[in-house]
Every structure is written in C-alpha cells, then in structure tokens.
Amino acid sequence: MKQEQVLELLKQMTLGEKVGQLIQVLGEDFLRDNVDITTGPLRELNLSNEDLYNVGSILNVVGSENIRKIQDEYLAKNRLKIPLLFMADIINGYKTVLPIPIAQGCSWDTNIVYDCAKLSIEEGKVAGANVNFSPMVDLVRDARWGRVMESIGAEDPYLGEVFAKTIVQAYQGKDELNSKNVAACVKHFAAYGAVEAGRDYNTVDMSEREFRQYYLPAYKSAIDSGAKMIMTSFNTVNGIPSSVNKWLLRDLLRKELGFKGIIISDFSAIEETIAHGVSIDSKDAAYKAITAGVDIDMMSRAYSNNLKNLVKEGKVSEELLDESVLRVLQLKNELGLFENPYGNANAEAEKRILMSKENLNKARKLTADTLVLLKNENNILPLKKCNKIALIGPYADNIGILGSWSIFSEGVKIPTLKETFENKVGKDNILYSKGSEILKEKDINRILLADGKKPIHLENEEENEKKYVKEAIETAKNSDIIILAIGEHYKQSGEACSRANIEIPRIQQNLLNELSKLNKKIVAIVFSGRPLVLKDISEKVNAVLEVWFPGVEGANAITDVIFGDINPSAKLTMSFPQDAGQCPIYYNHYNTGRPQRGDFRFVSRYQDIPTESYYPFGYGLSYSKFIYSDLKISNKKMSKDSKIIVAVKVKNDSNVEGAEVVELYIQDLVASVVRPVRELKAFTKVHLSAFEEKTIEFEITVEMLKFWNEKLEYKAESGKFKIFVGTNSKDTLEEVFEYE
Ligand code: NOJ
C-alpha cells in the first residue's frame, strides 16, 4: 500500500477502531471456537466481542494454522480489513531451541549470535510471527536477577552494542524492513537490568551519566540499526516508571535518539503505575502513558477502558492518538500484511524446516561455541574414549535444559547427556546414576505453585535421597572418572526468578560432597541461567564446564566438547562472584579512593571474602594453550585526527588447533569524572593451528576514548590512557599512550 493509502485509511477509522490498534491482547481467546470473551482474561480488559475484532495485535500465538484461522476470522469481522499483527517471544529459538541469550553472547562471536538469531527467526517466521520481542539488551551486573539469562551483552555495554546490531539485522535484514522479514522489538527500555538488589520489577535509580554511559548504548545501537519497536520496562527510572516516563520516552528516545518506531508497554505495565503510586487510577495511567509516548498497551486495561473517553473529553488530542495509530498501520504496511495478511506463515515450510536435520546440525555447532570451560586441571579434558565413565547427577538424563523461554517447544524430543555419551563411547562405558533430584520437594513446589501449577509429591523423599547418593557412590566406585551433571532448575532463572542464594542447590552439593570422598577425578558440567557461586564446587572437582541452558542440541554439543571433537572457545560475559554478597559485581568498576592494598584495613574491601570475582569477565579456557607477547603500539601519542595501531602476538603453544578471543581494554587514567579501571573496546576471535603464531592488530580511534564528562557532554579528554590486551579482563599486557 502507498503511504497516501495508509493516511486515507486512518481518516476512515472511527475513534474506537483507532484505539483498537493500540491494544494488544493474548491470542489464546481467539483460538477458542465461537470466540466469546464474556469469560477469560479478555473479560478483564472490558472488551466487548465486537471490540475484539478491532484490536491491533496479539501476543504469543503462532503456528501457521493458528495464524490463518485467527486472521481469517478477524478480517471477516473487521470493518476496514486491517490485519492483525502477530507478536511473539522467540527468544532463543522457536522449535529448534538454542542456548539462552547469555550463553550465545559468551561465544564473543557476531557470526554465532547472528546465526542463532537467523535460525530462530527463520523458524518463527514460517510459524507466522511478524514481530519478535527480542533482542533483550539490558545491561546486567547482578547475578541474583533471574533475567540475566536473557541479556545478550550481559555485563558489558560494548558487547551489548555489538550484539544488539547483529540481532536486529538478523531479524529485519540489513536494508529496509520488507515482507520477507520480521520486525525486531528491543527491550526493556530502560535500565531494567539495574533493579535494586537483583529483585525483579524493583526500583532503578542511577545518575544520568551512569545511565548514558553504560545502560543506554545497547538500546541506541538497536535503534540505530533500525529496530522497528521498543518495549518499555517494568521498573522506575529515577522515580518514574518507564511506561509513563516522558523524559525517557519523548525527550530521550524520540527527540534525542530519533526513534520513529512503535513503543509498546511491557505486559500490564501501564496499569501497574497505579501500584507504583504515580497514577491515581487506570484512566490517569492511560493518560500518562499516551502522553509520555507509549503507542501500544500490552494487556492492561488502561487504553481499552479509557483512551476513547480521554479523547472525547479533550484531554488527549486526536492528533496524538493518530500519531500512534499511524505507526502501527505503517508497520503492518511495511510487513506487507495489507496485501498478504498471513505474512510468512507457511504450513509446508513449517514441516520442512522446524527442527529439520539441517537446523539441528547447525544448532549443535552453534551450541558448542557457547560452552565455557572454567577449570581444567592437568588437562583432564578432553576425555579419552577408553575411560569407564560414571555419569551422575540430576542433569545426566534430563531434558529440562531449554531455558525458561522455551514456550513454543513443549514436548519436543531431545537427546539427554546419557544418550549422547552412550552414542559416543558405547553403552558399556557409561555407568549412569541419578544421584539426586535437582531440588527438594518443597523448593520445586514453591516454583510450581507460583506458576499456577500443581505441586508434586516425592514419595519417601528422605529415604530416596539417601538411596540415590548410595547408588551414585556404588556406580562411581567402578569408574575411572566421574562426570557430574548438576545445576539450578531451569525455572530458577528467567522472569520473576530472582534468587538471594545463587549456589548450586544444597541437595546436589551434598551429592558432590559424598562423591568427592572417593578421591576420584570429577568433571562438573554446570547448567544455569546465571553466574552461580561456584567456589566450593570448583575446589572439589578437577574440571568445570559451564553449559548454561544449552537448548535442544545441548547434550550433543556438550558431548562434542567433553570428548574433544570441539575445542571450547567461549568466554564469560558476566563475572562469577565469590559470594552473592558481592553482587552487583562487574569488571568495569571505578577504583574508589581506597583501592585494596594487601591486607591493609582502611581500604575498600570485604573482611570475609576477596573483593574480586571468582571467575572474571572475559575468562574461559581452551584445550589449546595461548601465549600473548610483544604488545606494541604504533605511536605513544594520538590526536583527534590520528589513530594508533596496537599489535600483539598470540601463539598457540600446544598441538591442539583452537580459537582464542583476544580482548582489548582501555583505561582513562585521569579525567574530569571517575572512569572505570578498564573497559572493553574491541575483541576478535582468532583461529590458530597447532603451534601457530599470529600478530593481531587493533585500531584505537578517538571514539573509543569518549565518555560522558562532567558537563554531560560525550567527549574524549586529553591525557594518558592505558591499553590492556589479553585473554580475559584480568590477565593482560599493558601499554600507555597520550591523547592530545
Ligand atoms: C513480559 C516480559 O517482561 C517481556 O520480556 C515479554 O516480551 C512480554 N512479557 C511478552 O511476553
């Protein structure tokens, strides 16, 4: 449709039809035969059956058959034949579930992040999704927050920036969005990752400098890459909830950053501003949200119950409403839905590509590059095939490894570690024992009840616990090595899954304690959605492989790494703390006036634990051994029109071919405001064959030196800068240069 036709359509719309476009509801109700919303969640929205055929978009219903049925029925009743938009959360895969986003980021590889996003969207698109609620680019520094699992750049603003762009381009294409692609919805604007004490939905309060410097860049990058939508966050930003925050949405997002796309609230977030205590009632919330700039109300009653009246009463101008409606119509038009309301929904393609052999093979390769080797004493890994292996633990034969966003993949059949290990070395070489449940009955029931699910009952829990451990010990006695597959439950991370204790569940720690008395070699495979406190575990075992929630090909990929078919190369994008008491902990912190000096008392430190993380940002091992040397800079001085070339030699000092992520950090030594001890500014992944050495070069540009100064201007200041290059954020070579 031409732009004039879209404008013409807008003119023909009644007030009710316009408001409809700004309402998003759950799709389930549309799926019932003889849709009648006098009951069910839509009743709450106060929609009439007639209103239902005016809503602009629906949430989380996909599947080509569903899409066709809903769209046909909807269009039959919609006066102006304006098609519905289908939006969904295809976060780490649709049917071919991939590693959770934090894991994908640990590849430190834009090709891998791109391929994951592409695979997800190719499947999601034939299932009919028009908009994907991804990427999630919230900067995260507190592992207690359950949603760190969703963050693609995790603790680092630069990684967030790079991957935000990568994912938007994978969904939307590099050029203008067209009907073959899916629109990206970047979330959650803004600073949702900074919720106090890591408790979900909690307050966020920070200086504007801090916000602009660390939290804003990833959202900005998604917007600059053309993301068509942005979702507000649940939290307050400096006293005002995001969904009614005029400064955030109108001044910063629309005016300063030039965002032209659609702003959608998060689920029910507009009405939640009443509970926040800034809106008197639903009408007030609707008024505040639309004037702040929210176009679509996701599942709160505020817009459906009040927008019409607000316009009629002259409190909200029809022009303002029209601006929002036009944005929605335009997106529908860009996606070609007026010509083809089913978009890319395609039953034949669904059969062909969803979880196809090709996609599973791709997934297996991608997944292997997200597994982080944290410890490998005496090169115990990779395992030799001849070992008699005791495979023990609640994750040894478990399919609950898809992560909490696997909402479209219920019931998909996936291999477990037991099966893939047996395939690799033969059944006779694998001695399996469960060892323990993931959680105790009371702990799992707390999760199930909060989810509205039925509690479970574990018959003879105490006795079974002992029995499992005993069996595990017997099994382990007959083995050469123990592989222990442990971790948190997949429902312990994700939305509303904040935890104050971020250790491996105690029941599994007990299992390890007992096994470690056998004095056998132990390799721990750790499943989690967040950095865990692994100190105790790590000290009791010989190797640790962090596998996150790795997805449908997780077991195969882990097997590939454990047996050396793939050499691990992933590195942490978030610091692993010594203790939850350190959270928030992040590598790019400031120095304080009293940085730690040995055991001196009056310095910034803890009395009972070290200050630094247990596993630092950027850390991850390989089966190869990499040596860094000869860090050189092309010039000791740099001006605003010149660049410095940094060169470093990286040698693979082993007979195993491998890939190494080379990381470059910069520190501004003296500035008008305090600057972090180091900040990641560049990285590259280099492949080195056995004993090969390469010289890696980076270019230092003035852009890398800029920051939000004392006057809140984004500028570089003259003075000395330190460059660090190395294998992680701690072990680096250094050089100094001066910027004039
Ligand atoms: C709430 C979550 O915060 C958000 O990430 C998600 O996209 C929406 N629900 C829609 O499911």
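User: What links Arg254, Asp295, Glu323 and Arg327?

Analyst: A network of salt bridges links these four residues, Arg254, Asp295, Glu323 and Arg327. The model is a predicted one. Across the whole structure, a search finds 55 salt bridges.

User: What makes the contact between arginine 141 and glutamate 210 a salt bridge?

Analyst: The N to O distance between the side chains of arginine 141 and glutamate 210 is 3.1 Å. The cut-off is 4 Å, from a side-chain nitrogen of Lys or Arg to a carboxyl oxygen of Asp or Glu. The pair of arginine 141 and glutamate 210 is therefore called a salt bridge.

User: Why is this pair said to tie together parts of the chain that are 69 residues apart in sequence?

Analyst: Arginine 141 is in the loop between strand S4 (131–132) and helix H9 (157–172), while glutamate 210 belongs to helix H10 (residues 208–224), so the pair joins parts 69 residues apart in sequence. Arginine 141 and glutamate 210 are both buried, that is, under 20% relative accessible area.

User: How do you know that aspartate 142 and arginine 144 form a salt bridge?

Analyst: Their side chains meet at 2.6 Å, N to O, and the limit is 4 Å. Aspartate 142 and arginine 144 are both buried.

User: Why are glutamate 348 and arginine 352 called partly exposed?

Analyst: Buried means under 20% and exposed means over 50%, with partly exposed in between. Glutamate 348 has 46% relative accessibility, so it counts as partly exposed. Arginine 352, at 49%, is partly exposed as well. Glutamate 348 and arginine 352 form a salt bridge, with the closest N and O atoms 2.9 Å apart. Both residues lie in helix H16 (residues 347–353), four residues apart, which is about one turn of the helix.

User: What makes strand S3 (residues 85–88) covered on both faces?

Analyst: Leu85 and Met87 are on one side of S3, Phe86 and Ala88 are on the other, and all four are buried.

User: How do you know that S3 pairs with S2 and with S4?

Analyst: Pairing needs at least two bridges between the strands. Strand S2 (residues 57–59) and S3 have three bridges, in the parallel sense; in S3, leucine 85 is the bridge partner of serine 57. S3 and S4 have two bridges, also parallel, and alanine 88 has asparagine 132 in S4 as its bridge partner. S2, helix H6 (residues 64–77) and S3 together make a right-handed β-α-β unit.

User: What makes S11 and S13 the edge strands of the six-stranded open sheet?

Analyst: The strand order is S11-S16-S15-S14-S12-S13, with mixed pairing. Strand S11 (372–376) and strand S13 (430–433) each pair on one side only. From one strand to the next, the twist averages 15°. Within this sheet, S14 and S15 pair in the parallel sense over seven bridges, and isoleucine 481 has lysine 521 in S15 as its bridge partner.

User: Which helices lie across strands of this sheet, and at what angles?

Analyst: H20 lies across S12, S13 and S14, at about 170° to S13. Helix H23 (residues 554–562) lies across S15 and strand S16 (543–546), at about 145° to S15.

User: What do the buried residues of H21 pack against?

Analyst: They pack against strand S12 (389–392), helix H20 (461–477), strand S14 (481–487), strand S15 (521–527) and helix H22 (535–540). The buried residues of helix H21 (residues 506–516) include Ile507, Leu511 and Leu515.

Definitions and conventions:
Residues are numbered from 1 along each chain as its sequence is written. This is a predicted model: local features need pLDDT of at least 70, side-chain atom pairs count only at pLDDT 80 or more; totals for chains, interfaces and linings use all residues. Side-chain values use heavy atoms; hydrogens and water are left out. Buried means under 20% relative accessible area, exposed over 50%, partly exposed in between (1.4 Å probe, protein chains only). A crossover is right-handed if, with the strands pointing away from the viewer, the path from the first strand over the helix to the second runs clockwise. Contact means heavy atoms within 4.5 Å. Axes are lines fitted to C-alpha atoms, for helices over the stretch in contact, and angles run from 0 to 180 degrees between N-to-C directions.
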